[in-house]
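How do the parts of a folded chain meet, and which side chains pair up between them? Please look over the sequence and the model below before reading on.

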Amino acid sequence: MNSAISRERQPAARVRDPLELARIARSLRRDVIDLVAPTGQGYVQQGLGAADLFAVLYFAEMRLDPSDPQWADRDRFLLSTAHNTAIFYATLAARGIVDRDLVDAYCKDGSVFEVNASERVGTAVEATLGSLGQGLSVGIGMALAARRRGSQSRVSVVLGDGELQEGQLWEAALYAGSAGLSNLCLIIDYNSMQVEGHIDKVVSVAPVAEKFSAFGWAAEDIDGHDIPALLTALDRARDRDRPTCLVASTIAGKGVPSLEGILAHNLKLPAEIATEALAALGDAEERT
């Protein structure tokens, strides 16, 4: 077992209380700030924006056994936007899947917790991604494998909206719909931000849900910060005979008023802004 994997067993029960999930998301946002603050480098805007999605997926939706990360029937998670690691690593630590002390070495020399998530972390990272647009293809392979072996395992893929400009993504979407991969759920983190600026100023991809529907998916637009709506949508996804796509609108920098809505893909976090952000997010309370 990789040394980054925690051996401490966590409760098997999943969290379904929206208020508790909101508390977890707020704690994850604090962790994002804590991870990025020492160097000022990291994808803080994306991490703050996606915290609600990660809280719901890892604490309410996915079947996981932190004490046995290689459990064959575990649900799989793929972060296609593999650079959005501050929130990913913070969530893995909060869920008891990786050691929190090791995560604190984020982006430091020699640490396996690099800016782009890789399998060097261990089985907590199902695949090394990072060439944007490839995550859905890998997820399709995993969903097919699970179906063929009769496993109840589901596959969740978090995709950035800018990745929708990749041709490979649409080939994968066409195949998944044709194959009726009901054990596959795609969550698009639609924050309207990519390296070059607002997505509509680069290549507009709207309307997204309608495109996926035309490809044979059950697709819907959803508020990525509405935890009850996310829970309900994921419940519906489990009862379908085709793949699900949730186009989740999120706000970059969510939870920190001075950062909300700032479309800075590579925002550098000054120490004073980090202090202000932690104050805005309130007391840490007990760690998740």
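## Basis of the model

This is a predicted model, in which local features need pLDDT of at least 70 and side-chain atom pairs count only at pLDDT 80 or more, while totals for chains, interfaces and linings use all residues. Residues are numbered from 1 along each chain as its sequence is written, and side-chain values use heavy atoms, with hydrogens and water left out.

## Where α1 meets α9

The axes (lines fitted to C-alpha atoms over the stretch in contact, with angles from 0 to 180 degrees between N-to-C directions) of helix α1, residues 18-36, and helix α9, residues 227-237, come within 9 Å and cross at roughly 110°. The two helices (DSSP runs of H or I, at least four residues) are therefore roughly perpendicular to each other, a label given to angles of 65 to 115 degrees.

In this contact (heavy atoms within 4.5 Å), Pro18, Leu21 and Ala22 of α1 meet Ile227, Pro228 and Leu231 of α9.

## Salt bridges

Side chains of opposite charge can pair when their charged atoms come close. The count comes to 11 salt bridges, each being a side-chain nitrogen of Lys or Arg within 4 Å of a carboxyl oxygen of Asp or Glu.

Asp235 forms one with Arg16, their closest N and O atoms being 2.8 Å apart, and this pair links Asp235 in α9 to Arg16 in the segment before α1, 219 residues apart. Another joins Asp52 and Arg29 at 2.6 Å, N to O, and both Asp52 and Arg29 are buried (under 20% relative accessible area, with a 1.4 Å probe and protein chains only).

Conventions: Parallel < 35°, antiparallel > 145°, perpendicular 65-115°, else oblique. Buried < 20%, exposed > 50% of the residue type's maximum accessible area, 1.4 Å probe, protein only.
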